[in-house]
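Please examine the sequence and the three-dimensional structure shown below before reading the report. The sections after it then take up a few features in turn.

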Amino acid sequence: QNMKMVPVPEKAYGTFFEGDCYIVLHIKRTSRGSAVDLHYWIGKDSSQDEQGAAALYVTQLDNALQGNPVQHREVQGHESETFQSYFRNGIIYKKGGVASGFKHVETNMYNIKRLLHVKGKKHVSATEVALSWDSFNKGDVFLLDLGKVLIQWNGPSCSIAEKSRGLALARSIRDSERGGRAQIGIIDNEKDSPDLMQIMKMVLGERRGELRDAIPDTKADELQKANVRLYHVYEKDNDLVVQEIATRPLTQDLLQHEDCYILDQGGFKIYVWRGKASSVEEKKAAFTRAVGFIQAKGYPSSTNIEVINDGAESAMFKQLFQRWTEKDETQGLGKAYTTGKIAKVEQVKFDTTQLHARPELAAEQRMVDDASGEIEVWRIEDLQMQPVNPKTYGQFYGGDCYLVLYTYLRSGRPHYVLYMWQGRHASVDEITACALNAIELDKKHGDEAVQVRVTMGKEPTHFLAIFKGKLIIYEGGTSRAQKSTPEPAIRLFQVRGTDEMNTKATEVPARASSFTPNDVSLLTPSQVCYLWCGKGCSGDEREMAKMVADIVSKRDKHTILEGQEPAEFWEALGGKAPYASEKRFQEQVTHYQPRLFECSNQTGRFIMTEVVGFCQEDLDEDDVMLLDTWEEIFLWVGKASNTYERNEAVASAKEYLKTHPAGRDLATPIILVKQGYEPLNFTGWFNAWDPYKW
């Protein structure tokens, strides 16, 4: 206001004049201190001078806060998901501004007559539009605000969620602007509300002609967002030079502390990263450079900009890189990780009896329950389900696909998890048959099962636990009665795990290079079974390996220590050779923030809308939502979601992994969860989950 920063009354938070600029400071306590975001918001009718002043104040505030904030440039109607998450009930745009004598008024103003066009389902915004039937369309919610009366008019093709978000906004206007003293009327079907329609006609006149059709939202799709490019920006003889240095997957080492960079996320969002050791001039010029870059690229002037300081990067920014490691970070997702090569990941002993009391533990440990439920296993044979002999439960062959149904009791009633295990060498037909049979099996259990897609070698924690230390994965072959290929004479298995809850034996090529010093390996030539113990393995690991050895081989067991192998041991492997002395390499993403998205595949384009700072309220019954916890992908399917999106859900999750800028592992487990049957390892990611909400 007059180029000065003037505080906005708290009651008016979320209301913005289109002729003004605003600055929003947001501080959130986190486990690692606090996260600070600083936004400057540009109204569509604001002056260039005001926009310049707002940018300048943001730079000054950034200095005052010692370069910790992430800074954002927000343009009316194109705000970032982070900005929209601050105003849970929606954002209201008002006509006019300070210059034309408008200011934020206190509550209890009744001499009002305006029409608000409400858009959006996850992120709601309301724009003041002309008081005329011409402003209406069939697909959105409109609020006619007459001070003491608010009339909510729902377009015939509105979704349930849009109607309920519209009502939340109407209530928030009533409570914050009218001190709770206003009536709300709802027109859901014009024929059923003659009295309210009468009031609308008095204000807007008679309606002539048809209403306009719904206007589809234009949003960036995932393919566009996956197209990340990194540019080095510097001055040369007073000219600005922008040089492209890399495309995806981007790695953290590309960012040099002496320089500034622009990261272009498919024109959907522009990030400016400012190195610690870059010059003060460079840091100051960050926003102007980004705006110049947008113009040079021919992007719309409303493109979102985020300015980021070296060492205080936002979660959104880090997720555009293949691997992001923090300095001195030992605190990862529930375990201790350090950067670089890791000798050993300590298996955290946790008390499974605590899972119900502490669902966040279930989420962090990826455990549905204490693994004490019942198991049934089927193999896909001739595209049908063939029951597997319970004596061989836990043995999986790479040439087959299996269905594993796990049943457990929660509050006295059965819950189901259905694992679809896909062998590396199974045919496409078998993998498809596995998915189809899973749907049938799920139907038999009242469509209540949580379906988990498991790729061979990427078995989730809970899957290991239900087989009580007897999980053995054979590289190839099949467990069918008529085996087409003879079994190899010599097999080598790597055993990892310290107790019944976390052990798995995997067949590896029978050669010297397959040994690693942290593991116990089992070698089964024709006469004996060798237990080879690496120098780094523990007593617990040896005990578990002995248990597995009894299943794999009926022969005598010989324990051999690393460095003391007899000649016949090497002979069985075709000669001595150096083995992997490299310590086991742990690729871990440090401190990954779970993210929730609304998925829509309606238009044939795959579009995801992120919900920042999510809670259970954000799961609407007509949605398919995707929760990404890095180690697994959950798909939450609402009761009223449309069949097309439900059927496309798993394909959408695969598409999400494929287009993820960080180059994700396509074998990440995908877990399908249905509304009302959420397991603890899903609900634990939400703060204060209410199991009776629906």
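The report below moves from the whole chain to a cavity, a helix and several single residues.

## Basis of the report

This is a predicted model, in which local features need pLDDT of at least 70 and side-chain atom pairs count only at pLDDT 80 or more, while totals for chains, interfaces and linings use all residues. Residues are numbered from 1 along each chain as its sequence is written, and side-chain values use heavy atoms, with hydrogens and water left out.

## The chain as a whole

The protein chain contains 15 helices and 32 strands. Both are DSSP runs numbered from the N terminus: helices are H or I with at least four residues, and strands are E with at least two.

Of the 694 residues in the protein chain, 52% are buried. Buried means under 20% relative accessible area, exposed means over 50%, and partly exposed lies in between (1.4 Å probe, protein chains only). Among the contacts in the chain with a separation of 6 or more, 66% join residues 24 or more positions apart; a contact means heavy atoms within 4.5 Å.

## The second largest cavity

Rolling a probe the size of a water molecule over the atoms shows where empty space is left. Six cavities of 30 Å³ or more are found in the whole structure. A cavity is a set of points, on a 1 Å grid over the protein atoms alone, where a 1.4 Å probe fits but cannot get out; its lining residues have an atom within 4 Å of a point. The second largest cavity holds about 80 Å³ of space, where volume is the space filled by probe spheres set on the points, and the points are joined across faces, edges and corners.

The lining of this cavity includes R366, V417, Y419, V450, V452, H462, E632 and N681. Strand 20 (413-422) and strand 21 (450-455) each supply at least two lining residues. By class, the lining has eight nonpolar, two polar and two charged residues. Ala, Val, Leu, Ile, Met, Phe, Trp, Tyr, Cys and Pro count as nonpolar, Asp, Glu, Lys and Arg as charged, and the others, Gly among them, as polar. The cavity lies between domain 4 (370-572) and domain 5 (595-684), because both give residues to its lining. These domain bounds come from an automatic or database domain assignment.

## The two sides of helix 4

In helix 4 (residues 194-204), the buried residues are L196, M197, M200 and L204. They cover an arc of only 100° around the axis, so they lie on the same side of helix 4. The arc is that of the directions from the helix axis to the C-beta atoms. An α-helix has 3.6 residues a turn, so residues three or four places apart point the same way.

Strand 8 (141-145), strand 9 (149-154) and strand 10 (183-187) are among the elements that cover these buried residues. The face turned away from the buried side carries the exposed residues P194, D195 and M202. After helix 4 comes G205, with a positive phi near 80°.

## Single residues

W685 lies in the segment after helix 15 (680-683) and is buried, at 17% relative accessible area. W685 and E360 are 325 residues apart in sequence, yet 6.0 Å apart in space, C-alpha to C-alpha.

S411, in the loop between strand 19 (401-410) and strand 20, has a positive phi of about 45° although it is not a glycine. S411 is exposed, with a relative accessible area of 74%.

Key. 1 Å grid on protein atoms, 1.4 Å probe; cavity = no way out; pocket = protein on both sides within 12 Å on 5 of 7 lines; lining within 4 Å.
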